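Please read it alongside the sequence and structure shown here.

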Amino acid sequence: MFEALKSQFQKIGGRKITSLFEDENRATEFSLRSGKILFDYSKTNIDSATQSALLDLLEVSRFSQKRADMFSGAKINRTEDRAVLHTALRNLDGHPIQVDGEDIMPEVLETLGAMQTFSDAVRSGTYVGRGGAITDVVNIGIGGSDLGPAMAALALSPYHDGPACHFVSNIDAAHIVDTLRNLNPETTLVIVASKTFTTIETMTNAITAFDWMAKTVQDPAAQFVALSTAADKTAAFGIPSERVFGFADWVGGRYSLWGPIGLSLMIAIGPHNFEAFLRGAQTMDQHFLTAEPQHNMPVMLALVGIWHNQVCGYHTRAFLPYDQRLTRLPAYLQQLEMESNGKRVTMQGEDVSYGSGPVVWGEPGTNGQHAFYQLIHQGTQIVPSEFLVAAKGHEPDLGHHHTLLLANCLAQSQALMLGRSFSATREIGAAKGISGADLDKWANHRVFPGNRPSTTLIYPKLTPEILGKIIALYEHRVFVEGVILNINSFDQWGVELGKELASALEPVLKSGKASQDQDPSTRNLMKFIRGQ
């Protein structure tokens, strides 16, 4: 599938990216806009011929039809026989979307309205805890039920004017203990986010939170909310139906922030800002649906990723937001990409004959510069780097901070491309008075190979609307890559085996007895745990 592109890469692989800028129009021709967002991929080795060959992949993979299928409600998640309609959750205009012959939009908008009503009640003090108005909200979930709202709540902290938000996910008792330690149970609202209301980590933490609240609150369930479709289980927990917000099986966990899973975010920033967040994502949806491929931001972002991973053989991807409030975005995108496209079989159930999804990781700048940029600049493997930064920050009185932040972001992508040659480094050493064999040794340590690819996504300011656009952009990128790779981006069977084995090991660990059913390594580890 990628043979022609790989052949092309073999011809141009050693070419300097800087040589492409002999075309004075390259920076504009190899960047594109969607509203107020600019995506620049000119600092890659993609030229016009390469771009054309990458665009041909869309035709081969029947991308246009599959995109239409997703938005229309077709069951493109074949292994689970489900539609994929997280986009419906931000379809604020309510145009009909059919699933199994029924328009799902009335229920989607009704749920959104119920969330807004409840959020307003909490924020205004109409809904109260035993001790009065709610001061803190604790969202208990894991995976998509945690990463999405936790990431977005931090990203949009300048817009917080509601109760403080806290997030608990890890089964490690330290997480919930440290979160609840300084909270007042009488003014705390607990949101339990689990579609099935059976997720072991979430329900264990929920029961612990319930017991904590029960020490001072007579009816703890009165201060609990469920984000779930399991009405029987939420009722058994004591949560009345008016505080249960459900979502259908056509919303995957890692795509669920736009609906009830985003309730904690809505309470924090208010329904108006949450609607702007949804509207931003909806705008990106329309861009994705209507823009021609060469001018389509999710499409081109995906094709750059395919070029680097499947063609060039750069199997890792660094995501580098120069925005402290986007600290959790690399982890969010790590789940989005690696859980979606980390697959080994095709849609037809056959072994994939090429690499699938990349390893995604990162940290915010400038912290990462003092941690792992050494490897990115001078290491033996090439790591395509994806920079993201706002033109302006939220702290105008500290504008000099943001100027330094921007300077660092632009300088790092520039340094990755330009590098510094041995001869140039040697001249610097000679100017310092170093000579002879010492000069060559000194210089070699300070050479930057350069010619390392990067992209930059830049936007005016991190607002709810812009964040919505950015998240939707990366969702659609994952979809496009999955279509080209012919894999199902919307299931996650890889997480199941570990869950099954953990369920089997738990009673053995509780009993404290040896088990011959385990492999020798696991038996040895259990022996250590028992203190034998």
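**Sheet and salt bridges**

In this predicted model, 6 strands form an open sheet in the order β1-β2-β15-β14-β12-β13, and the pairing is mixed. From one strand to the next the twist averages 15°.

**Strand pairing**

- Strands of a sheet pair through backbone hydrogen bonds, in a parallel or an antiparallel way.
- Strands β14 (residues 385-390) and β15 (residues 454-459) run parallel and are joined by 6 bridges.
- F387 has T456 in β15 as its bridge partner.

**Helices on the sheet**

- Helix α12 (residues 297-311) packs on the sheet and touches β1, β2 (37-40), β12 (316-322) and β15. The direction of α12 makes about 25° with that of β2.
- Helix α13 (residues 329-341) also packs on the sheet, where it touches β12, β13 and β14. The direction of α13 makes about 165° with that of β13.

**Salt bridges**

- Side chains of opposite charge can pair when their charged atoms come close.
- The count for the model is 24 salt bridges.
- E339 and R254 meet through their side chains in a salt bridge, at 3.0 Å from N to O. This pair links distant parts of the chain, 85 residues apart: E339 is in helix α13, and R254 is in the loop between β11 (244-245) and α10 (263-269).
- E339 is partly exposed because its relative accessible area is 22%, whereas R254, at 3%, is buried.
- A salt bridge also forms between E481 and R317, whose closest N and O atoms are 3.1 Å apart.
- E481 is buried, with a relative accessible area of 3%, and R317 counts as buried at 5% relative accessibility.
- In the pair E395 and R325, the closest N and O atoms of the salt bridge are 2.7 Å apart. E395 sits in the loop between β14 and α15 (399-418) and R325 in the loop between β12 and α13, so parts that are 70 residues apart in sequence are tied together.
- E395 is partly exposed, with a relative accessible area of 36%, and R325 counts as partly exposed at 25% relative accessibility.

**Network**

- A network of salt bridges links R317, E337, E386, R477 and E481.

Notes:
Residues are numbered from 1 along each chain as its sequence is written. This is a predicted model: local features need pLDDT of at least 70, side-chain atom pairs count only at pLDDT 80 or more; totals for chains, interfaces and linings use all residues. Side-chain values use heavy atoms; hydrogens and water are left out. Two strands pair if DSSP finds at least two bridges between them. Helices (H or I, at least four residues) and strands (E, at least two) are DSSP runs, numbered from the N terminus. Axes are lines fitted to C-alpha atoms, for helices over the stretch in contact, and angles run from 0 to 180 degrees between N-to-C directions. Contact means heavy atoms within 4.5 Å. A salt bridge is a side-chain nitrogen of Lys or Arg within 4 Å of a carboxyl oxygen of Asp or Glu. Buried means under 20% relative accessible area, exposed over 50%, partly exposed in between (1.4 Å probe, protein chains only).
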